[in-house]
Amino acid sequence: GGSAFVREFHNSGTLEIQSGTVRFDSGGSSDGDVVVAAPSVLQFATSYTLNTGVTITGAGITRMTAGTLTLVGSVTVGQFEMIGGTLTGAGTFTVGNTLLWTGGSMLGPGTTSVPVGTTLTLSGGGAKFLDARTLNNAGSVIVSGNGQLAMSNAAVLNNAGTFDWTLDHTISNNGGAVSLINNTGTWLKSGGTGVSAFVREFHNS
């Protein structure tokens with residue numbers, strides 16, 4: 001089951017989800033923290049703003065399906081699923097455990113951070129868009145779906161951890177100023193008998 005805010009919800013205290021799903025349908029903002037206990041879900045289904053210093057903790061899942069999630073400053077979340085919509089804003093978005101990306105856009109000018117010990121999985125057949133944003137990986141990226149990663153408008157992908165193509169996959173050019181891939185870690189092609197392609201500049205050190 002689930003509960004939904006069909007009016008704007010502005011949080012400056014603590015939102016704690018202990019059971020089921022809480023869904024935002026009509027926007028709002030948060031200055032306060034959020035706790036999502038397993039197996040609960042916090043779902044963003046419309047545009048919402050997370051202000052500087054917000055943390056979303058707990059073993060439950062934070063899921064984005066539609067709208068625009070704007071990060072005013074640095075925000076930390078434990079487990080995040082990017083199914084659709086747009087993640088944007090100047091802040092740094094740090095995922096502390098797992099990040100599943102099946103669709104939608106990560107839009108600049110900020111940074112998405114995958115630290116040591118965190119796994120980012122790119123799955124499914126839908127395209128994922130990295131547009132004018134920086135993606136820093138110091139953990140593990142696993143590509144398990146053939147939906148392309150489309151980079152545009154000077155987007156940057158920095159890999160200092162492990163990036164694993166487990167099947168044939170393309171990192172494509174979606175236009176705008178030149179986007180860059182910088183590898184200082186380990187880049188693997190562990191699966192697929194065909195071609196995986198860098199259609200953006202790839203710099204390996």
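Is Trp187 buried or exposed? Here are some friendly notes on that residue and a few others.

1. This is a predicted model, in which local features need pLDDT of at least 70 and side-chain atom pairs count only at pLDDT 80 or more, while totals for chains, interfaces and linings use all residues. Residues are numbered from 1 along each chain as its sequence is written, and side-chain values use heavy atoms, with hydrogens and water left out.

2. Trp187 is buried, at a relative accessible area of 16%. Buried here means under 20% relative accessible area, exposed over 50%, and partly exposed in between, with a 1.4 Å probe and protein chains only. Phe202 counts as partly exposed, because its relative accessibility is 30%.

3. There are 11 aromatic pairs in the structure. Rings of Phe, Tyr and Trp (its six-membered ring) pair if their centres lie within 6.5 Å; planes under 30 degrees apart are stacked, over 60 edge-to-face, and the rest tilted. Trp187 and Phe202 form an edge-to-face pair, because their ring centres are 5.5 Å apart and their planes stand at 80°. This pair links distant parts of the chain, 15 residues apart: Trp187 belongs to strand S24 (residues 186-189) and Phe202 to strand S26 (residues 201-204). Strands (E, at least two residues) are DSSP runs, numbered from the N terminus.

4. Ring pairs also join Trp187 and Phe202 with Phe163, Trp165 and Phe198 in a cluster.

5. Elsewhere, Leu149 sits in strand S19 (residues 149-152) and is buried at 2% relative accessibility. Leaving aside residues up to four places away in sequence, Leu149 touches several residues, including Trp101, Leu122, Leu130 and Ile171; contact means heavy atoms within 4.5 Å.

How values were computed: Helices (H or I, at least four residues) and strands (E, at least two) are DSSP runs, numbered from the N terminus.
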